[in-house]
Amino acid sequence: MTSFDEVAAYRDELRAHCYRLLGSMDDAEDAVQETLQRAWRNLDGFEGSLRAWLYKIATNRALTMIGQRRQPIELGPPIVVESAEAKVLVQESVELAFVAAIHHLTPPQRAALLLRDVLGYSAKEAADMLGTSAPAVHSAVRRARAALAEQDSLGEEGQRDAAARYAAAWHAGDLEGIVAMLTEDARYTMPPLDERYHGHAEIRGFLVDGPLQFGWRFVATASPKVWVTYMISDGVERPVSVDVLVFRGPKISAVVSFVSDEFVRFLGL
C-alpha cells in the first residue's frame, strides 16, 4: 500500500512544476498542498503510476487556479537581497527566463508543453492528464514550440548582444535607444509594485518621469535574458531589481522587473 511518505516525496518536483504553470511560489505551494491532500484522501485502492497521478492532480489544480484569477499573472522569482553587501542575488536565472517565456503562452499550451517537453510524457499520457485528446495535445505543443522559437529566433549569442545593447542604452541614459529596442506593444511590469506600462508612449513617459532621472548599472547573469539592475543616486548604488527580458525576434516584447525589498523600502512603500 502506498504511504503518505511516498506521496510527500514528490513535493519538491511538484512545486517546481506548479511554479512553472502559475508563476508564483506562494500559489505553487498552495497547489502542491492541495494536491497532496487530495492524493492522500484517495489513496485507498489506487493502482498505477503514482508520479503520473500526482502530476495529473497538480496540473489540473494549477489550471483551475489560473482560471479563477481576476488579475494578470505577476511572476514571482526566488530573489534574495543581501542589504549588508548591497547585492541582489539571482537564483536559477535560466529557470526564471524559461518561466517568463512560457507565461506568454496560453495556459493549455503551457501545460501541454511542460508535460511533453519537460516531463517527457507521451501525447496520450498528457491528454489523459488534461482531459483532452492526443491530437489536441499535439496542436497545443506545436503552437507553444512555435511561439518559443519566435522568442528565441536570435539564438543565445544574438540575445546576449541585444540585451547588452539594451543595458548600454540604460547606462548612457539614452531614452530613444531603450525604446528602439522594444516592440511597439512591449510591456513593462514591476512586481510587487502595481506598475504596468504598455506600448512606446506609456513606457517613454514612465522612463522620462522616473528611472532616467538617475544613473543605472546592469549586471549580466547566466541567462542573456536576466539582468540585475542597480540605481545610482548621489554616488550611491542601490540594488533595484532583477529584470527578465522576453524577446520577439530581434526586439524585446516584455520586461518584468522584480523589484527588491530594499528598493521598495527606499521608495517608502
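Predicted model: local features only at pLDDT ≥ 70, side-chain atom pairs only at ≥ 80, totals over all residues.
User: What is the reach of α4 from its first C-alpha to its last?

Analyst: Helix α4, residues 50–68, has 19 residues and reaches 27 Å, close to the 27 Å expected at 1.5 Å a residue; the expected span is 1.5 Å times one less than the number of residues. Its buried residues include L50, W53, L54, I57, A58, R61, A62, M65 and I66. An α-helix has 3.6 residues a turn, so residues three or four places apart point the same way.

User: At what angle do α4 and α7 pack?

Analyst: Two packed helices are described by the angle between their axes and the distance between the axes. Axes here are lines fitted to C-alpha atoms, for helices over the stretch in contact, and angles run from 0 to 180 degrees between N-to-C directions. For α4 and α7 (residues 123–130) the angle is about 55 degrees, with the axes 9 Å apart, which makes α4 oblique to α7. A52, Y55, K56, T59, N60 and L63 of α4 make the contact with D128, M129 and L130 of α7. By class, this contact of α4 with α7 has five nonpolar, two polar and two charged residues, where Ala, Val, Leu, Ile, Met, Phe, Trp, Tyr, Cys and Pro count as nonpolar, Asp, Glu, Lys and Arg as charged, and the others, Gly among them, as polar.

User: Is K56 buried, exposed or partly exposed?

Analyst: K56, which lies in helix α4, counts as partly exposed because its relative accessibility is 30%. Not counting residues up to four places away in sequence, K56 touches D128 and M129.

User: At what angle do the axes of α6 and α7 cross?

Analyst: The axes of α6 (residues 107–118) and α7 come within 9 Å and cross at roughly 140 degrees, and the two helices are therefore oblique to each other. This crossing of α6 and α7 is right-handed. A111, A112, L115 and R116 in α6 meet A123, A126, M129 and L130 in α7, and the residues of this contact divide into seven nonpolar, no polar and one charged. Elsewhere in α6 is L113, which is buried with a relative accessible area of 4% and, leaving aside neighbours within four places, is in contact with I102, L105, V118, V141, A144, R145 and L148.

User: At what angle do the axes of α2 and α4 cross?

Analyst: The axes of α2 and α4 come within 10 Å and cross at roughly 30 degrees, which makes α2 roughly parallel to α4. In their contact, E13, L14, H17, C18, L21 and L22 in α2 meet R51, L54, Y55, A58, T59, A62, M65 and I66 in α4; by class there are 10 nonpolar, two polar and two charged residues. H17 counts as buried at 3% relative accessibility, and the C-alpha atoms of H17 and A58, 41 residues apart along the chain, are separated by 8.2 Å.

User: What is the phi of D234?

Analyst: Most residues other than glycine have a negative phi. D234 is not a glycine, yet its phi is positive, at about 55 degrees. D234 is found in the loop between β6 (226–233) and β7 (236–248), and is exposed, with a relative accessible area of 79%.

Conventions
Residues numbered from 1 in each chain as written. Heavy atoms only, no water. Helix = DSSP H or I, 4+ residues; strand = E, 2+ residues; numbered from the N terminus. Buried < 20%, exposed > 50% of the residue type's maximum accessible area, 1.4 Å probe, protein only. Parallel < 35°, antiparallel > 145°, perpendicular 65-115°, else oblique. Contact = heavy atoms within 4.5 Å. Left-handed = near helix turned anticlockwise from the far one by under 90°.
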